[in-house]
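Work through the following exercises with the sequence and the 3D structure open. Each task is followed by a solution in steps.

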Amino acid sequence: MLLKNKKVLIMGIRNKWSIAWGAAISAYENGAEVIFTYNSADSGEKVQKLIEEIPGAKAYACNVSNDENIEECLKIILKEHGKIDGILHAIAHANTEDLRNDFIKTSRDGFAHAADVSSYSLVAVSRIAKDINILNENSSIVSLTYYGSEKSIEGYNVMGVAKAALEASVRYLAKDLGKDGIRVNAISAGPIKTLSAKGIKDFNNILDIVEEKAPLHRNVTAKEVGDCTTFLFSNMSSAITGEVIHVDNGFSTVGV
């Protein structure tokens, strides 16, 4: 098993359809101890019920828009579980109106909110994790992004801009944390029917286009993205950092 004797933290779990859950199942099946955080505004009761499917798993509320809350949460995890070997940053949010309307109508506050939650939170989590020394040697940090960071996708709007900032942050964090032997990468997942995807206009049309145009002619699953996360957590990816890996059945490689 790729993650035997490793502990991984999955940040941003919401429900069983989320990519974070696919990553958690893959990590558990590969021998990892799995720990979760969820947004303080979400239902902790629902999350606790969900993670019962993974023996011994625990979940903690964490508001990633607040540095003090991040630090408090990670310190509790450090105290209760010891050092960890991997973090999956599966956190993103934009205001509904900023996804429904044309991008040019994005408000200043909406832009700042999407960038803070979806991009800066990775920087904050990485910095605080390093400062409190929660990461073991040769640890791996992974974040999730999407093709809308590279091309304009109808309905993705400000989230695409936030994800572009996230991908640039991955490269700069990889440079800084590489000094400590910590790797930082992102996975650009193909479209998946998650709760967040419901906010994207005409999302089902995107799924149809991917199935038609992708070289493998199908859509990706949360478990497949989770398996790539497991690989990036594992020692088998020890020479990979600062990368954005596409897990999209090849869709991003084709033209019109």
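**Exercise 1.** Is Thr37 buried or exposed?

*Solution.* The model is predicted: local features need pLDDT of at least 70 and side-chain atom pairs count only at pLDDT 80 or more, while totals for chains, interfaces and linings use all residues. Residues are numbered from 1 along each chain as its sequence is written, and side-chain values use heavy atoms, with hydrogens and water left out.

Step 1. Apply the cut-offs: buried is under 20% relative accessible area, exposed is over 50%, and partly exposed is in between (1.4 Å probe, protein chains only).
Step 2. Thr37 has a relative accessible area of 2%, so Thr37 is buried.
Step 3. Place Thr37 in the fold: the residue belongs to strand S2. Helices (H or I, at least four residues) and strands (E, at least two) are DSSP runs, numbered from the N terminus.
Step 4. List the contacts (heavy atoms within 4.5 Å). With neighbours within four places in sequence set aside, Thr37 contacts Leu9, Ile10, Met11, Gly12, Ile13, Tyr60, Cys62, Cys73 and Ile77.

**Exercise 2.** Find the aromatic pairs and state what two of them connect.

*Solution.* 
Step 1. Rings of Phe, Tyr and Trp (its six-membered ring) pair if their centres lie within 6.5 Å; planes under 30 degrees apart are stacked, over 60 edge-to-face, and the rest tilted. This rule gives 3 aromatic pairs.
Step 2. One of them is Trp21 with Phe36, stacked at 6.2 Å centre to centre and 25° between the planes. Trp21 is in helix H1 (residues 19-29) and Phe36 in strand S2 (residues 33-38), so this pair ties together parts 15 residues apart in sequence. Both Trp21 and Phe36 are buried.
Step 3. Another is Tyr146 with Tyr156, edge-to-face, with 4.9 Å centre to centre and 70° between the planes. Both tyrosines lie in the loop between strand S5 (135-145) and helix H6 (157-177), so the parts that the pair ties together are 10 residues apart in sequence.
Step 4. Tyr146 counts as buried at 12% relative accessibility, and Tyr156 is buried at 8%.

**Exercise 3.** Describe the nonpolar cores.

*Solution.* 
Step 1. A nonpolar core is a set of buried Ala, Val, Leu, Ile, Met, Phe, Trp, Tyr and Cys residues joined through side-chain atoms within 4.5 Å. In soluble globular proteins, nonpolar side chains tend to be buried together.
Step 2. The largest core has 34 residues, and those with the most contacts inside it are Ile10, Ile13, Trp21, Phe36, Leu88, Ile187 and Val225.
Step 3. At least two residues of this core come from each of S1, H1, S2, helix H2 (44-50), S5, S6 and H8. H1 gives the most, with 7 residues.
Step 4. A second, separate core of 32 residues includes Leu9, Leu122, Ile134 and Val170.
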